[in-house]
Amino acid sequence: MTTTLVLGAGRSGKSAYAESLLSDHAKVTFVATGQQPWADKDPERARRVLQHRARRPQGWQTVESRDLTRALLSSRHPVLVDGIAEWVGGIIDSHDIQDPAKLQQDLIAQMDELVVAWRHVPFDVVAVTEEVGWGQNGTTEAERIFRETLGYVNARLSRASHHVHLVVAGRVLDLSKAPLVPSGSL
């Protein structure tokens with residue numbers, strides 16, 4: 001059993017790369033963490049979601065869930081999570097951003113549960129996430145909270161993963177053996 005975190009920018013090829021890591025498995029549980037109220041409002045995103053679905057093998061089962069820990073624990077096959085950023089967005093959306101202490105408390109509790117499941121499921125798990133923080137700082141409070149929260153989540157999952165790959169401009173960099181930032185620094 002291995003865990004792999006695949007990070008990258010939008011349209012970098014990270015989802016296709018993540019899918020390729022599990023392509024040898026006949027059955028895979030694909031966990032889609034984003035909800036679809038945007039489907040009617042964003043036809044381009046809806047088109048890309050359909051393209052992603054079309055390229056997945058027939059034996060892959062799609063599960064739409066924001067309860068990522070439960071999705072991991074209830075699967076009986078390797079899991080592909082796409083994506084962590086949507087999961088984080090869902091957590092933030094379910095909180096009042098005027099109470100950042102409550103958001104942080106809930107997020108840490110959910111991350112603690114997720115990391116335990118992530119490390120102990122008896123099959124391969126691959127998760128896709130956006131690497132944040134290379135562009136401009138957020139221009140709104142909500143953007144800053146999202147960026148900081150996703151950065152924290154990515155760092156926690158990276159520490160808990162056997163493999164960490166960064167996809168940049170269609171190229172894959174293996175960060176698995178790169179040194180870790182001291183844990184108290186994050």
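User: In which crossing, left-handed or right-handed, does α5 pass α6?

Analyst: The model is predicted. In it, the crossing of α5 with α6 is right-handed.

User: How is the packing of such a pair described, and what are the values for α5 and α6?

Analyst: Two packed helices are described by the angle between their axes and by the distance between those axes. Here helix α5 spans residues 100–120 and helix α6 spans residues 141–160. Their angle is about 25°, and the axes lie 10 Å apart. Angles under 35 degrees count as roughly parallel, so α5 and α6 are roughly parallel to each other.

User: Which residues in α5 and α6 meet?

Analyst: From α5 the contact includes L103, L107, I108, M111 and W118. Among their counterparts in α6 are I145, Y152, V153 and L157. The residues of this contact divide into 12 nonpolar, one polar and four charged.

User: Where is T69, and is T69 buried or exposed?

Analyst: T69 sits in helix α3, residues 68–74. The cut-off for buried is under 20% relative accessible area; T69 has 12% relative accessibility and therefore counts as buried.

User: What does T69 touch beyond four places away in sequence?

Analyst: T69 touches Q110, E113, L114 and A117. The side chain of T69 also reaches the backbone nitrogen of L114, at 3.4 Å.

How values were computed:
Residues numbered from 1 in each chain as written. Predicted model: local features only at pLDDT ≥ 70, side-chain atom pairs only at ≥ 80, totals over all residues. Heavy atoms only, no water. Helix = DSSP H or I, 4+ residues; strand = E, 2+ residues; numbered from the N terminus. Buried < 20%, exposed > 50% of the residue type's maximum accessible area, 1.4 Å probe, protein only. Contact = heavy atoms within 4.5 Å. Polar contact = N/O pair within 3.5 Å; in protein donor to acceptor, adjacent residues only side chain to side chain. Axes fitted to C-alpha atoms, helices over the stretch in contact; angles between N-to-C directions. Parallel < 35°, antiparallel > 145°, perpendicular 65-115°, else oblique. Left-handed = near helix turned anticlockwise from the far one by under 90°. Nonpolar A, V, L, I, M, F, W, Y, C, P; charged D, E, K, R; others polar.
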